[in-house]
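Subject: A structure for you to look at

Hi there,

Here is the structure I promised to pass on to you. Please open it beside this email and follow along as you read.

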Amino acid sequence: MKTRCHWPCSCYPNHALGQTQDWMAEIYPMWVEAHGIMIVTPVNWYSPTSPLKLMMDRLVCADGGNPDPTRTHGKDARAARRIELEGWDYPGHLSGRLFACVVHGDVEGAENVRRSIHDWLCFMDLCPAGPRAELDRYIGYWKPYAGNHEELDADLCIQEEVRNAARALLEGVEADRAGRLAAAGMDLARPRRK
């Protein structure tokens, strides 16, 4: 139940388990303040890196999480269920922000990881900044990993493509903030709740 999930997440740190450092406490405010998000990641065994995947999992509360824990008396399941059945509106706490995504690998999986990140962000109602803002590329394709950094240093085209992804995001954010960016269909009501 999304009403039981708090925005921002209140599950961590769990001091009873000795968890005192929770980097997400610093990351949530960054997502809230940002007008644009750029994710750059390598591929790890056909998947995003573990830290990126952990952040994705912890941002589940951004998509419909309850901003008022007092309504559910903390995480009382009965109270959360009642609120959800009364017509929870599933607030999109990060809705409308623009994003760019760059995924690189040396063998396989870059396109699938980029699509996965794209779909995750779109599901939370973030908007892609445009075709130039999304990129999946291979660096040192099927070459020994030991020379991967040299391959990246020598590949001036991919470096410029990454810069272009950032430029596209910036251009989109500036247009959006000036009221000049129109994403078709964003004002249409959803016929189905999440």
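Below is what was found in it, starting with the whole chain and then moving to single residues.

A word on the basis: this is a predicted model, in which local features need pLDDT of at least 70 and side-chain atom pairs count only at pLDDT 80 or more, while totals for chains, interfaces and linings use all residues. Residues are numbered from 1 along each chain as its sequence is written, and side-chain values use heavy atoms, with hydrogens and water left out.

**The whole chain**

The chain holds six helices and four strands. Both kinds of element are DSSP runs numbered from the N terminus: helices are H or I with at least four residues, strands are E with at least two. Read from the N terminus, their order is α-β-α-α-β-α-β-β-α-α. Along the principal axes, the C-alpha atoms fill a box of roughly 60 × 45 × 25 Å. The chain has 194 residues, and 36% of them count as buried. Here buried means under 20% relative accessible area, exposed means over 50%, and partly exposed lies in between (1.4 Å probe, protein chains only).

Please find strand β2, residues 98-105. Seven of its eight residues are buried, so β2 is largely enclosed by the rest of the structure. Which strands pair with it? (Two strands pair if DSSP finds at least two bridges between them.)

- Strand β1 (residues 36-42) pairs with β2 in the parallel sense, over seven bridges. Met38 has Ala100 in β2 as its bridge partner.
- Strand β4 (residues 134-138) also runs parallel to β2, joined to it by five bridges. Here Val103 has Asp136 in β4 as its bridge partner.
- Strand β3 (residues 127-128) and β2 pair in the parallel sense over two bridges. Leu98 stands opposite Cys127 in β3. Between β2 and β3 the chain passes through helix α4 (residues 110-123), and this β-α-β crossover is right-handed. That word applies if, with the strands pointing away from the viewer, the path from the first strand over the helix to the second runs clockwise.

Asp136 belongs to strand β4, and Arg114 sits in helix α4. Their side chains make a polar contact at 2.5 Å. A polar contact is a pair of N or O atoms within 3.5 Å; within protein, one must be able to donate a hydrogen and the other to accept it, and residues adjacent in sequence count only if both atoms are side-chain atoms. Are these two residues buried or exposed? Asp136 counts as buried, at 18% relative accessibility, and Arg114 is buried too, with a relative accessible area of 15%.

**Out on the surface**

Now look at Trp142, in the loop between β4 and α5 (148-154). Trp142 is exposed, with a relative accessible area of 57%.

Ala154, in helix α5, counts as exposed as well, at 61% relative accessibility. How far apart are the C-alpha atoms of Ala154 and Glu108? They are separated by 20 Å, and the two residues are 46 residues apart along the chain.

Enjoy exploring it, and write back with any questions!

Best wishes
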